[in-house]
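Take a look at the protein chain below. This report walks through its aromatic rings, its charges over rings and one of its helices.

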Amino acid sequence: VKAAGKKVKKSSVLAGIEKGMAKAKHEKKVEDKKTYVFGKEMVLSEFHEIVETGVAAVEKKEREEKEKKERQSLIFGERRSRDLESRQRNLPPSLPMDEDFASGASSADEEEDENDKFIQPDNFAELPTDYWGLQKMIKYIKGGDLNATVIALCSMVDFALASASSQLALKDNGGVEVLVNLLGVDDEDIKMGSLRILKEISICRYMRLAITDYKGIPLIVQLMDSENYELAAMAAETLARIAAFSNARHELRRYGAMRKFTKLLHHEKYEVNKAGALGLWRCSKSTKNKSAIYHAQSFAELAKLLHTDNEELLIPVVGTIQECSIQSRFQELIRIEGMVPGLVRLFSSQNQELQSLSANSVFRSAQHADVRRLVRESGGLPPLTKMLAEAKSPGIVTSVTGALWKCAVDRESVNVLRDCKATDHLVALLNRQPEEVLLNVTGALGYLAQDAENRTTIRKAGGIVPLVHLLTGTGDSLLINVTMTIKHLAADPECVQVIDKRGGIGFLWSLLKSNDEQVKSCALLALCPCMEK
């Protein structure tokens with residue numbers, strides 16, 4: 001309630017009324033209808049009006065908060081998106097998990113996907129015991145000696161550090177700053193305990209931001225030089241999680257983390273190799289970090305690790321390769337370092353993530369002619385076709401069809417794919433697929449259709465009808481691939497009959513009105529053989 005220009009509680013306002021009225025009565029000023037509130041003279045009727053308005057507002061606000069708590073109690077424990085109130089209260093956003101960190105999803109130099117849902121701290125009717133327990137541990141660390149600090153850190157590890165209540169406790173009590181400061185002490189046990197906690201809480205975006213703001217990245221980067229390999233590996237894994245957003249990746253590049261990650265790949269322990277590869281994988285999502293990885297000569301070490309049988313190590317190794325292979329200089333390194341046979345070997349792996357990553361690496365790097373040749377000479381086309389026939393994951397389908405598209409550029413590869421019956425599997429994917437898959441499939445069929453036997457296979461498998469239907473789409477890249485496929489199919493008179501019967505020639509004419517010059521050119525190239533036949 002605002003009274004006499006000040007924000008006061010309702011109880012203070014009521015006390016002010018009684019005090020003012022008593023004073024006015026004592027001084028016989030009631031007839032003037034004036035009173036004194038907090039030392040200021042005010043007309044009593046105006047003051048009553050202010051109080052009544054303020055009290056009504058307070059009661060309305062209390063009623064709304066009560067109704068809100070009742071609604072929240074019905075959905076307690078559910079994951080919900082943040083609302084305006086949580087931002088106004090400056091509460092930390094709670095625990096968006098990085099699914100792409102575990103699954104190996106690829107991304108450009110952008111922020112990670114923020115479409116996660118959240119568990120809000122204000123969902124709690126009252127703060128749970130974890131909050132008070134962590135608060136106590138933080139106080140022990142702030143005021144205790146060396147032994148008390150070690151004991152407190154060991155106790156904190158046992159808490160559910162990924163929960164919303166733990167996150168709130170660390171924020172409210174300055175826990176992140178304390179943990180970052182502990183990284184500068186001389187005791188390795190304290191450093192390890194602090195790193196272990198920072199690693200667990202860094203799955204949360206707010207905590208990653210806090211660690212970066214408190215200048216934790218340079219301290220953790222220095223720990224990768226430790227002779228204690230467990231401490232160095234823990235530091236690398238922590239940085240791999242923190243590097244989920246672009247500012248952190250910039251800081252890692254600034255403090256020379258790429259060379260330190262690469263140095264860990266030399267170690268004899270696979271746990272240390274894995275930590276270094278994880279750091280490179282996460283940092284490679286940045287274009288500028290790709291340059292840092294190139295200058296750190298990381299690919300020479302990754303090529304050695306590519307021949308191991310340890311799947312936990314192979315996933316970040318191949319993940320780094322597929323992120324970098326989009327650039328021509330890395331495509332040349334893949335050829336020079338002899339990585340192609342190692343990638344082809346993984347086509348037959350039982351691990352679907354490894355299959356997807358290796359196929360995507362070939363998809364990106366097969367723009368290089370030598371890489372396409374090495375894939376064919378290493379016997380990679382039959383297992384690629386088998387992967388396509390057995391694929392159930394959309395990610396694998398996209399990666400494999402892309403790899404087949406790029407490999408089909410070479411005439412020798414077309415002959416191998418024809419013998420592997422790859423055409424039948426590709427035609428089956430022309431229906432009810434996302435555009436990125438259709439783009440890869442039509443691109444591959446465009447090269448395969450240059451072979452007469454494949455043209456017959458496409459026609460008999462019913463592939464012309466969905467191809468004609470795709471001419472009604474709007475994506476320029478897809479239209480270019482479809483029209484070029486129809487151009488090669490039109491070399492067969494029987495295919496032209498099917499195209500004409502399904503209205504394909506009319507659709508090609510309509511594409512001449514497109515705003516894209518390349519679409520117009522490809523449509524004309526497809527029309528010419530159709531008109532000749």
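**Aromatic pairs**

The model is predicted. The count of aromatic pairs comes to 3. Take Y294 and F330. Their ring centres are 5.6 Å apart and their planes stand at 85°. An angle over 60 degrees counts as edge-to-face, so this pair is edge-to-face. Where do the two residues lie? Y294 belongs to helix 16 (residues 287-295), and F330 belongs to helix 19 (residues 328-336). The two are 36 residues apart in sequence, so the pair ties together separate parts of the chain.

How exposed is each partner? Y294 has a relative accessible area of 31%, so it is partly exposed. F330 has a relative accessibility of 0%, so it is buried.

F330 also pairs with F299. Here the centres are 4.8 Å apart and the planes are at 45°, so the pair is tilted. F299 sits in helix 17 (residues 298-305), while F330 sits in helix 19. These two are 31 residues apart, and their pair links distant parts of the chain. F299 is at 2% relative accessibility, which means it counts as buried.

Y294, F299 and F330 form a cluster linked by ring pairs.

**Charges over rings**

The table lists two cases.

| Charged residue | Ring | Distance from ring centre |
|---|---|---|
| R329 | Y294 | 4.8 Å |
| K406 | W405 | 4.2 Å |

**Helix 7**

Now move to helix 7, which spans residues 164-172. Is this helix mostly covered or mostly open? Helix 7 is mostly covered, with 7 of its 9 residues buried. The buried residues are A164, S165, S166, Q167, L168, A169 and L170.

Which helices do they pack against? The partners are helix 5 (129-143), helix 6 (146-157), helix 8 (175-182), helix 9 (188-201) and helix 10 (205-213).

What comes just after helix 7? There, G174 takes a positive phi of about 65°.

How values were computed. Residues are numbered from 1 along each chain as its sequence is written. This is a predicted model: local features need pLDDT of at least 70, side-chain atom pairs count only at pLDDT 80 or more; totals for chains, interfaces and linings use all residues. Side-chain values use heavy atoms; hydrogens and water are left out. Rings of Phe, Tyr and Trp (its six-membered ring) pair if their centres lie within 6.5 Å; planes under 30 degrees apart count as stacked, over 60 as edge-to-face and the rest as tilted. Helices (H or I, at least four residues) and strands (E, at least two) are DSSP runs, numbered from the N terminus. Buried means under 20% relative accessible area, exposed over 50%, partly exposed in between (1.4 Å probe, protein chains only). A charge sits over a ring if NZ of Lys or CZ of Arg is within 6 Å of the ring centre and within 35 degrees of the ring normal. Contact means heavy atoms within 4.5 Å.
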